[in-house]
Amino acid sequence: MYKLTFKYPLKDAETATEKLYIKDIYNVFYESPLTITTDDNGYGFYENIEELIDYNVIIESDDLNEVNSCINTIKETLLIDSIYSEKVEVQSFENEFEPLDLNNGWIFADPEYNVEDKKKINFIPQGAFGTGLHETTQDCLRYILSQDFTNLTGLDIGAGSGILSLAAAAKNAKLVTAVDIRDVTEEIMFNASLNNFNNIEVKVGNLLEENLLEKTYDFIVINIGGDETIMFMDFITNHLNPKGKLLVSGLVEWSFDKVKSNIESYGFTLDYKVQSAEWCTATFLK
Ligand SMILES: C[S@@+](CC[C@H](N)C(=O)[O-])C[C@H]1O[C@@H](n2cnc3c(N)ncnc32)[C@H](O)[C@@H]1O
C-alpha cells in the first residue's frame, strides 16, 4: 500500500476530490486546520480555508507501475508539480483504534483483540465522529450500557460512527434507528455486522428539514450540542412515546441550565445527570 501526499489549498480540496473521483481515485483524505472558538453553546470552530493542507491519497497496491500511473494522473488532473510517495504498512491503518475500556465491564475493541473478563463490542471506526475518545460519548455509553432496552425501540440522532446505537443494540433494543446528516450507513452497518447485530437501521438526512421518520420511539439519544438539542425539541417531543426517555449530551456546563429549562418547558423532567470536565450528560423523562 502507498500513501501519496501533496500540498493543496484547503479551499479547493473538495473540488480536487471530485476531479479525482472522476479519474477513479477514491481513497483520499485530509485534515482541515481548525481554529477553535468558545460561545454560549460550548465550542465552535472555523476552517482556515486559506491554508495549504497535506492532501493524501491511498493506493491499495504495491505495484510501482500502478503507483506511478496514479501520481501522473494526479499531477495532470490537479496541476501539481511535486507529490511525495511513501510505502505504508496496512497494519498501521488497521491498528489505529486503541481499545476503549469504559471501566464498567464493557470494552469496545477490534475483533482481533482478545479480552476475557469484560463484555466486548467489536468496533473498527472508519472516520465518522464517535470513536469514544470524547467525554460526551463515553458518558452516553456508560449510561446506555447500564440500561436494559429489551422490547424497546430507540432513535440515535446524530449517530456519527453509530457507537451509541451499537451500545443500545448490545443491550437488547428491539430496533435502533441511527440518523446522521452525513452518509454513515456503511460504517454503521459494517460495525453492526462485526457484532451480528441485526437490530440497527440507518437513515441519512437532516431530520430538521426532511420527513425521514414516521415512527415514534421509547428512547431517543442526542449528542450534538445545546443549541442543536433545543432546535430538535419539537421533533423529539413528537417522536418520543409517552413515558419515553431522552438522553442528551454535548452540553457545556455554562449552558446546561438554559438547555434544561428549554427541555422542561416541553413537559420533561430531569432524571439523571453526570458531568465529565465541562461536559454534561443528562436524561429526561417524558
Ligand atoms: C458530536 S457527533 C456525535 C456522534 C456520536 N453520536 C457520539 O455520541 O459520539 C454529532 C453528529 O451529529 C450529526 N448531525 C449534526 N446535525 C445533524 C442534523 N441536523 N441531523 C442529523 N445529524 C446531524 C453530525 O454529522 C455528527 O456526526
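**Figure 1. Helix α6 and its buried side.** In this predicted model, helix α6 spans residues 185-194, and E187, I188, N191 and A192 are buried there. These residues sit on the same side of α6, because they cover an arc of only 130° around the axis. Exposed residues E186 and S193 are carried by the face of α6 turned away from that buried side. What do the buried residues of α6 pack against? Their partners are α5 (163-170), β11 (175-180) and β12 (200-204). After the helix comes N196, with a positive phi near 55°.

**Figure 2. Strand β16 and its two partners.** Strand β16 covers residues 279-285 and runs antiparallel to β15, residues 269-276. How many bridges join β15 to β16? There are seven. T269 has L285 of β16 as its bridge partner. Strand β14, residues 240-252, also pairs with β16 in the antiparallel sense, over six bridges. Here K245 is bridged to L285 of β16. Strands of a sheet pair through backbone hydrogen bonds, either parallel or antiparallel.

**Figure 3. The β15-β16 hairpin and A277.** The hairpin has two residues between its strands. A277 lies in this loop and takes a positive phi near 50°. Is A277 buried or exposed? A277 is exposed, because 9 other C-beta atoms lie within 10 Å, and a residue counts as exposed at 12 or fewer. A277 and M233 are 44 residues apart along the chain, and their C-alpha atoms are separated by 25 Å.

**Figure 4. E135 at helix α4.** E135 belongs to helix α4, residues 135-145. Which residues does E135 touch, not counting those up to four places away in sequence? They are S276, A277 and W279. A277 is the loop residue between β15 and β16. E135 is partly exposed, because 17 other C-beta atoms lie within 10 Å; that count falls between the limits of 12 or fewer for exposed and 20 or more for buried. N27 is 108 residues from E135 in sequence, and the two are 30 Å apart in space, C-alpha to C-alpha.

**Figure 5. The three-strand sheet.** A further open sheet has the order β7-β8-β9 and mixed pairing. Strands β7 (100-101) and β9 (119-122) stand at the edges. Each has a single partner strand, so one side of each is left without a neighbour in the sheet. Strand β7 pairs with β8, residues 106-109, in the antiparallel sense over two bridges. The bridge partner of L100 in β8 is F108.

**Figure 6. The nonpolar cores.** The largest nonpolar core holds 51 residues. Which of them touch the most other members? They are L164 and I220. Not counting residues up to four places away in sequence, L164 touches C140, L141, I144, D156, A159, V221 and N223. A second, separate core has 11 residues, including F6, A16, C70 and I74.

**Figure 7. The whole chain, for orientation.** The chain has eight helices and 16 strands. Of its 286 residues, 32% count as buried. The C-alpha atoms fill a box of roughly 65 × 45 × 35 Å along the principal axes. The domain assignment gives domain 1 (2-93) and domain 2 (100-285). Their C-alpha centres lie 31 Å apart. Among contacts with a separation of 6 or more, 63% come from residues 24 or more positions apart.

Technical notes. Residues are numbered from 1 along each chain as its sequence is written. This is a predicted model: local features need pLDDT of at least 70, side-chain atom pairs count only at pLDDT 80 or more; totals for chains, interfaces and linings use all residues. Helices (H or I, at least four residues) and strands (E, at least two) are DSSP runs, numbered from the N terminus. The arc is that of the directions from the helix axis to the C-beta atoms. Two residues are in contact if their C-beta atoms, placed from the backbone, lie within 7 Å. Two strands pair if DSSP finds at least two bridges between them. Domain bounds come from an automatic or database domain assignment. A nonpolar core is a set of buried Ala, Val, Leu, Ile, Met, Phe, Trp, Tyr and Cys residues joined through C-beta atoms within 7 Å.
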